[in-house]
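Subject: Structure handover

Hello,

Here is the structure I promised to pass on. Please load it before you read the notes.

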Amino acid sequence: MATKKRKVDSECRAFNYEWTWKYFFTVVKDKPVCLICNEAVAVFKEYNISRHFTSKHKNSNYEAMSEHERKQNVESLCKKLSGRQNFFKKVNTIQEAATHASYIVAYNIVKNNKALSDGEFVKQCMLQVCDVLCPDKKNNFQTVSLSRKTVTSRIEAIDKNLTSQLESKIGQFKFCSIAMNESTDINDTAQLVLFIRGVDENFEITEN
(Lines give C-alpha, C1' and ligand atoms only; values in the text may rest on other atoms or scores of the structure.)
Protein backbone atom coordinates (compact mmCIF):
# COMPACT_ATOMS: atom_id res chain seq x y z
CA MET A 1 0.00 0.00 0.00
CA ALA A 2 1.49 3.31 -1.08
CA THR A 3 1.94 5.90 1.64
CA LYS A 4 0.93 9.47 0.98
CA LYS A 5 3.94 11.79 0.91
CA ARG A 6 3.72 14.45 3.58
CA LYS A 7 4.04 18.01 2.40
CA VAL A 8 5.92 20.27 4.80
CA ASP A 9 3.94 23.33 3.68
CA SER A 10 0.70 21.67 4.78
CA GLU A 11 1.87 21.33 8.38
CA CYS A 12 1.13 25.00 9.09
CA ARG A 13 4.25 25.50 11.18
CA ALA A 14 4.35 28.69 13.23
CA PHE A 15 7.32 30.86 14.15
CA ASN A 16 8.36 30.61 17.79
CA TYR A 17 9.48 34.08 18.89
CA GLU A 18 11.94 32.51 21.34
CA TRP A 19 13.98 31.69 18.23
CA THR A 20 14.58 35.42 17.74
CA TRP A 21 17.03 35.79 20.60
CA LYS A 22 18.24 32.17 20.54
CA TYR A 23 19.09 32.04 16.81
CA PHE A 24 18.78 35.71 15.71
CA PHE A 25 15.80 35.07 13.44
CA THR A 26 12.67 37.09 12.66
CA VAL A 27 9.75 36.87 10.23
CA VAL A 28 9.74 38.87 6.97
CA LYS A 29 6.86 38.33 4.52
CA ASP A 30 5.98 34.94 6.07
CA LYS A 31 9.57 33.75 5.85
CA PRO A 32 12.05 33.18 8.72
CA VAL A 33 15.00 35.51 8.03
CA CYS A 34 18.38 35.65 9.76
CA LEU A 35 19.04 39.05 11.33
CA ILE A 36 22.79 38.58 11.01
CA CYS A 37 23.18 37.70 7.31
CA ASN A 38 19.62 38.35 6.02
CA GLU A 39 19.31 34.85 4.54
CA ALA A 40 15.87 33.21 4.56
CA VAL A 41 15.06 29.66 5.65
CA ALA A 42 12.31 27.86 3.76
CA VAL A 43 10.45 26.25 6.70
CA PHE A 44 9.34 27.39 10.16
CA LYS A 45 11.21 24.55 11.85
CA GLU A 46 13.59 24.94 14.79
CA TYR A 47 16.00 22.34 13.42
CA ASN A 48 16.42 24.27 10.15
CA ILE A 49 16.80 27.60 11.93
CA SER A 50 19.23 26.34 14.56
CA ARG A 51 21.25 24.54 11.88
CA HIS A 52 21.58 27.78 9.95
CA PHE A 53 22.80 29.62 13.05
CA THR A 54 25.28 26.87 13.93
CA SER A 55 26.68 26.41 10.44
CA LYS A 56 26.81 30.08 9.41
CA HIS A 57 27.60 31.88 12.67
CA LYS A 58 29.22 29.24 14.89
CA ASN A 59 32.50 31.10 15.31
CA SER A 60 30.93 34.56 15.58
CA ASN A 61 30.64 36.68 18.70
CA TYR A 62 26.90 36.06 18.74
CA GLU A 63 27.25 32.42 19.80
CA ALA A 64 29.21 33.32 22.96
CA MET A 65 26.73 35.98 24.11
CA SER A 66 24.54 35.59 27.16
CA GLU A 67 20.76 35.66 26.83
CA HIS A 68 20.67 39.31 27.94
CA GLU A 69 23.37 40.30 25.43
CA ARG A 70 21.59 38.42 22.66
CA LYS A 71 18.32 40.19 23.35
CA GLN A 72 20.07 43.56 23.27
CA ASN A 73 21.73 42.76 19.95
CA VAL A 74 18.48 41.40 18.51
CA GLU A 75 16.77 44.70 19.32
CA SER A 76 19.52 46.63 17.54
CA LEU A 77 19.47 44.33 14.49
CA CYS A 78 15.66 44.53 14.28
CA LYS A 79 15.86 48.34 14.24
CA LYS A 80 18.41 48.22 11.40
CA LEU A 81 16.20 45.83 9.43
CA SER A 82 13.16 48.03 9.99
CA GLY A 83 15.16 51.07 8.83
CA ARG A 84 16.14 49.32 5.58
CA GLN A 85 12.56 48.22 4.95
CA ASN A 86 11.21 51.74 5.56
CA PHE A 87 13.83 53.18 3.21
CA PHE A 88 12.75 50.91 0.35
CA LYS A 89 9.08 51.63 1.07
CA LYS A 90 9.84 55.36 0.88
CA VAL A 91 11.71 54.92 -2.41
CA ASN A 92 8.81 52.96 -3.89
CA THR A 93 6.33 55.60 -2.72
CA ILE A 94 8.35 58.42 -4.33
CA GLN A 95 8.69 56.46 -7.58
CA GLU A 96 4.94 55.76 -7.69
CA ALA A 97 4.17 59.45 -7.04
CA ALA A 98 6.63 60.52 -9.76
CA THR A 99 5.00 58.15 -12.26
CA HIS A 100 1.54 59.44 -11.31
CA ALA A 101 2.74 63.03 -11.75
CA SER A 102 4.11 62.30 -15.24
CA TYR A 103 0.73 60.84 -16.24
CA ILE A 104 -1.02 64.02 -15.01
CA VAL A 105 1.27 66.25 -17.08
CA ALA A 106 0.97 64.02 -20.16
CA TYR A 107 -2.83 64.04 -19.88
CA ASN A 108 -2.94 67.83 -19.70
CA ILE A 109 -0.53 68.17 -22.64
CA VAL A 110 -2.73 66.10 -24.95
CA LYS A 111 -5.96 67.59 -23.55
CA ASN A 112 -4.76 71.09 -24.42
CA ASN A 113 -3.28 70.08 -27.81
CA LYS A 114 0.26 70.97 -26.80
CA ALA A 115 3.43 69.56 -28.34
CA LEU A 116 4.73 66.34 -26.77
CA SER A 117 8.10 67.98 -26.22
CA ASP A 118 6.43 70.50 -23.88
CA GLY A 119 6.86 67.98 -21.08
CA GLU A 120 10.54 68.91 -20.78
CA PHE A 121 9.59 72.59 -20.61
CA VAL A 122 7.04 71.84 -17.87
CA LYS A 123 9.67 69.96 -15.86
CA GLN A 124 12.11 72.86 -16.19
CA CYS A 125 9.45 75.21 -14.81
CA MET A 126 8.64 72.76 -11.99
CA LEU A 127 12.28 72.56 -10.90
CA GLN A 128 12.71 76.34 -10.95
CA VAL A 129 9.55 76.86 -8.89
CA CYS A 130 10.75 74.12 -6.53
CA ASP A 131 14.03 75.99 -6.01
CA VAL A 132 11.99 78.90 -4.66
CA LEU A 133 9.21 77.20 -2.71
CA CYS A 134 10.60 73.86 -1.51
CA PRO A 135 14.28 73.32 -2.41
CA ASP A 136 14.47 70.34 -0.02
CA LYS A 137 12.01 68.47 -2.28
CA LYS A 138 13.88 69.09 -5.53
CA ASN A 139 15.17 65.50 -5.78
CA ASN A 140 11.55 64.26 -5.76
CA PHE A 141 10.66 66.54 -8.68
CA GLN A 142 13.74 65.46 -10.62
CA THR A 143 12.49 61.85 -10.61
CA VAL A 144 9.43 62.88 -12.67
CA SER A 145 10.21 61.76 -16.22
CA LEU A 146 8.74 64.12 -18.83
CA SER A 147 10.86 63.46 -21.91
CA ARG A 148 9.11 63.36 -25.28
CA LYS A 149 9.43 59.56 -25.34
CA THR A 150 7.93 59.19 -21.85
CA VAL A 151 5.08 61.61 -22.56
CA THR A 152 4.28 59.67 -25.74
CA SER A 153 4.14 56.33 -23.89
CA ARG A 154 2.01 57.87 -21.12
CA ILE A 155 -0.48 59.23 -23.68
CA GLU A 156 -0.64 55.85 -25.41
CA ALA A 157 -1.33 54.15 -22.07
CA ILE A 158 -4.05 56.69 -21.20
CA ASP A 159 -5.60 56.21 -24.66
CA LYS A 160 -5.73 52.42 -24.22
CA ASN A 161 -7.28 52.79 -20.77
CA LEU A 162 -9.95 55.26 -21.95
CA THR A 163 -10.72 53.09 -24.99
CA SER A 164 -11.11 50.05 -22.75
CA GLN A 165 -13.46 51.96 -20.44
CA LEU A 166 -15.52 53.22 -23.38
CA GLU A 167 -15.80 49.76 -24.95
CA SER A 168 -17.00 48.42 -21.62
CA LYS A 169 -19.68 51.14 -21.33
CA ILE A 170 -20.80 50.87 -24.97
CA GLY A 171 -21.95 47.32 -24.31
CA GLN A 172 -24.39 48.69 -21.72
CA PHE A 173 -25.87 51.46 -23.92
CA LYS A 174 -29.60 51.30 -24.65
CA PHE A 175 -29.46 54.32 -26.97
CA CYS A 176 -26.53 56.13 -28.53
CA SER A 177 -25.63 58.77 -31.12
CA ILE A 178 -22.43 59.32 -33.08
CA ALA A 179 -21.13 62.54 -34.61
CA MET A 180 -18.07 62.70 -36.88
CA ASN A 181 -15.76 65.52 -37.87
CA GLU A 182 -12.81 65.47 -40.23
CA SER A 183 -9.96 67.99 -40.13
CA THR A 184 -6.28 68.14 -41.05
CA ASP A 185 -3.27 68.64 -38.80
CA ILE A 186 -0.24 70.84 -39.46
CA ASN A 187 1.21 68.12 -41.73
CA ASP A 188 -1.98 68.14 -43.83
CA THR A 189 -2.84 64.66 -42.55
CA ALA A 190 -6.56 63.89 -42.26
CA GLN A 191 -7.81 63.44 -38.69
CA LEU A 192 -11.20 61.84 -38.04
CA VAL A 193 -12.84 62.63 -34.70
CA LEU A 194 -15.76 60.59 -33.38
CA PHE A 195 -18.10 61.92 -30.69
CA ILE A 196 -20.08 59.17 -28.97
CA ARG A 197 -22.97 59.80 -26.61
CA GLY A 198 -24.87 56.95 -25.00
CA VAL A 199 -27.45 56.24 -22.30
CA ASP A 200 -27.62 53.03 -20.27
CA GLU A 201 -30.65 51.47 -18.56
CA ASN A 202 -30.05 53.66 -15.48
CA PHE A 203 -30.18 56.80 -17.66
CA GLU A 204 -26.51 57.47 -17.02
CA ILE A 205 -25.09 59.50 -19.91
CA THR A 206 -21.59 58.84 -21.25
CA GLU A 207 -19.88 61.20 -23.71
CA ASN A 208 -16.52 60.72 -25.38
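Below are my notes, from the overall picture down to single residues.

**Ground rules**

This is a predicted model, so local features need pLDDT of at least 70, side-chain atom pairs count only at pLDDT 80 or more, and totals for chains, interfaces and linings use all residues. Residues are numbered from 1 along each chain as its sequence is written, and side-chain values use heavy atoms, with hydrogens and water left out.

**Confidence**

pLDDT is the predictor's confidence in each residue, on a scale from 0 to 100. Its mean over the chain is 79. A value of 70 or more is reached by 88% of the residues. Among the elements, helix H4 (residues 118-133) has the highest mean, 90. Helix H1 (residues 18-23) has the lowest, 74. Take care with residues 5-12, where the pLDDT is below 50. Beyond near neighbours in sequence, that stretch has 3 contacts in the model. Contact means heavy atoms within 4.5 Å.

**Overall layout**

The chain has 6 helices and 5 strands. Both are DSSP runs, numbered from the N terminus: helices are H or I with at least four residues, strands are E with at least two. Along the sequence the pattern reads α-β-β-α-α-α-α-α-β-β-β.

There are 208 residues in the chain, and 23% of them are buried. Buried means under 20% relative accessible area, exposed means over 50%, and partly exposed lies in between (1.4 Å probe, protein chains only). The accessible surface of the chain is about 15,700 Å². Carbon and sulfur atoms account for 52% of that surface. The areas come from the Shrake-Rupley method with a 1.4 Å probe; for residues, only the protein chains shown count as cover. Of the contacts between residues at least 6 apart in sequence, 44% join residues at least 24 apart.

Helix H2 (residues 46-57) has 12 residues. From first C-alpha to last it reaches 16 Å, close to the 16 Å expected at 1.5 Å a residue. The expected span is 1.5 Å times one less than the number of residues. The buried residues of H2 are Asn48, Ile49, Ser50, His52, Phe53 and His57.

Helix H6 (residues 148-170) has 23 residues and should span 33 Å at 1.5 Å a residue. Its end C-alpha atoms are 32 Å apart, which agrees. Its buried residues are Thr150, Val151, Arg154, Ile155, Ile158 and Leu166.

Ile155 counts as buried because its relative accessibility is 16%. Leaving aside neighbours within four places in sequence, Ile155 is in contact with Ala106, Val110 and Leu116. The C-alpha atoms of Ile155 and Tyr107 are 6.6 Å apart, although the two residues are 48 apart in sequence.

His100 is in helix H3 (residues 67-111). His100 is exposed, at 52% relative accessible area. Its C-alpha lies 8.7 Å from that of Val144, 44 residues away along the chain.

Asn113 is in the loop between H3 and H4. Asn113 has a positive phi of about 55° although it is not a glycine. It counts as exposed, at 71% relative accessibility.

**Salt bridge**

Side chains of opposite charge can pair when their charged atoms come close. The rule used here asks for a side-chain nitrogen of Lys or Arg within 4 Å of a carboxyl oxygen of Asp or Glu. By this rule the count is 1 salt bridge. Asp131 pairs with Lys138, the closest N and O atoms being 3.1 Å apart. Both ends are partly exposed: Asp131 at 39%, Lys138 at 25%.

Ile178, Met180, Leu192 and Leu194 form a nonpolar patch on the surface, with about 450 Å² of accessible area together. Strand S3 (173-184) and strand S4 (190-200) each give two or more residues to this patch. Patches are made of residues with over 30% relative accessible area and no salt bridge; like charges are joined within 9 Å, nonpolar side chains (Val, Leu, Ile, Met, Phe, Trp, Tyr) within 5 Å. Met180 lies in S3 and is exposed, at 62%.

Phe203 is in the loop between S4 and strand S5 (205-207). Its phi is near 65°, a positive value in a residue other than glycine. Phe203 is exposed, at 70% relative accessibility.

Best wishes
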